[in-house]
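Please work through the exercises below with the sequence and the model open beside you, and try each task before reading its solution.

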Amino acid sequence: MLMPWELSDEKLLAECRVESFVASGPGGQKRHKTNAAVRITHLPTRISAVETESRSHRENQIHALRDLRQKLAMELRREVDPLAYSPPPWLNDYDALKVNPKNPLYPSLIAEIFDLLKATHYNLAPTAAALRVSTSALTKFLHANPHLWAKANHLRSELGLPPLKWNR
């Protein structure tokens, strides 16, 4: 069964409520007069994403949907056995977890990492080993996205583990 972030745009949107509204804040008169801002809420999980940056409703919807996929991938877990785990074949195409956040596979990579982190009690070394990358590559991937870094550190703190460190 596909996870929500793996669904086509049409199927994912069928599980969501999409709201348009007038954004507040900077942006000039055009921004304050149109319902260009978008909030997409995944109804089964109540996870939502809001995008207000563009004056284009369509552009905001595209970005909000991308953000929603990433949030769903960060929050929803599958059970994984780290000893029996094998990385998905598509991951071989991306050296050292270098996947652009705009890549449609980015949410799937987030999910793989957080599933493994949970299975290894948020220990980076066995997670990296299961993904067949260095601990440094995994740390760089998490640190590159402030939301991932914060989520990983929050989950580690709940287990009484020290926060991840960035030494660059």
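**Exercise 1: Helix α3**

Task: compare the reach of helix α3 (residues 57-75) with the expected span.

Solution: Helix α3 has 19 residues and reaches 26 Å from its first C-alpha to its last, close to the 27 Å expected at 1.5 Å a residue, where the expected span is 1.5 Å times one less than the number of residues. Helices here are DSSP runs (H or I, at least four residues), and strands are runs of E of at least two, numbered from the N terminus. The model is predicted, with local features needing pLDDT of at least 70 and side-chain atom pairs pLDDT 80 or more, while totals for chains, interfaces and linings use all residues. Residues are numbered from 1 along each chain as its sequence is written, and side-chain values use heavy atoms, leaving out hydrogens and water.

**Exercise 2: α4 and α7**

Task: describe how helix α4 (residues 106-119) packs with helix α7 (residues 146-158).

Solution: Begin with the axes (lines fitted to C-alpha atoms over the stretch in contact, with angles from 0 to 180 degrees between N-to-C directions). The angle is about 15° and the axes are 12 Å apart, which means that α4 is roughly parallel to α7, a term for angles under 35 degrees.

Next, find the contacts (heavy atoms within 4.5 Å): Tyr 106, Ile 110 and Phe 114 in α4 meet Leu 148, Lys 151, Ala 152 and Leu 155 in α7.

**Exercise 3: Neighbours of α7**

Task: which helices do the buried residues of α7 pack against?

Solution: Buried (under 20% relative accessible area, 1.4 Å probe, protein chains only) residues of α7 include Trp 149 and Asn 153, and the buried residues pack against α3, α4 and α6 (135-144).

Technical notes
Angles under 35 degrees count as roughly parallel, over 145 as roughly antiparallel, 65 to 115 as roughly perpendicular and the rest as oblique. Buried means under 20% relative accessible area, exposed over 50%, partly exposed in between (1.4 Å probe, protein chains only).
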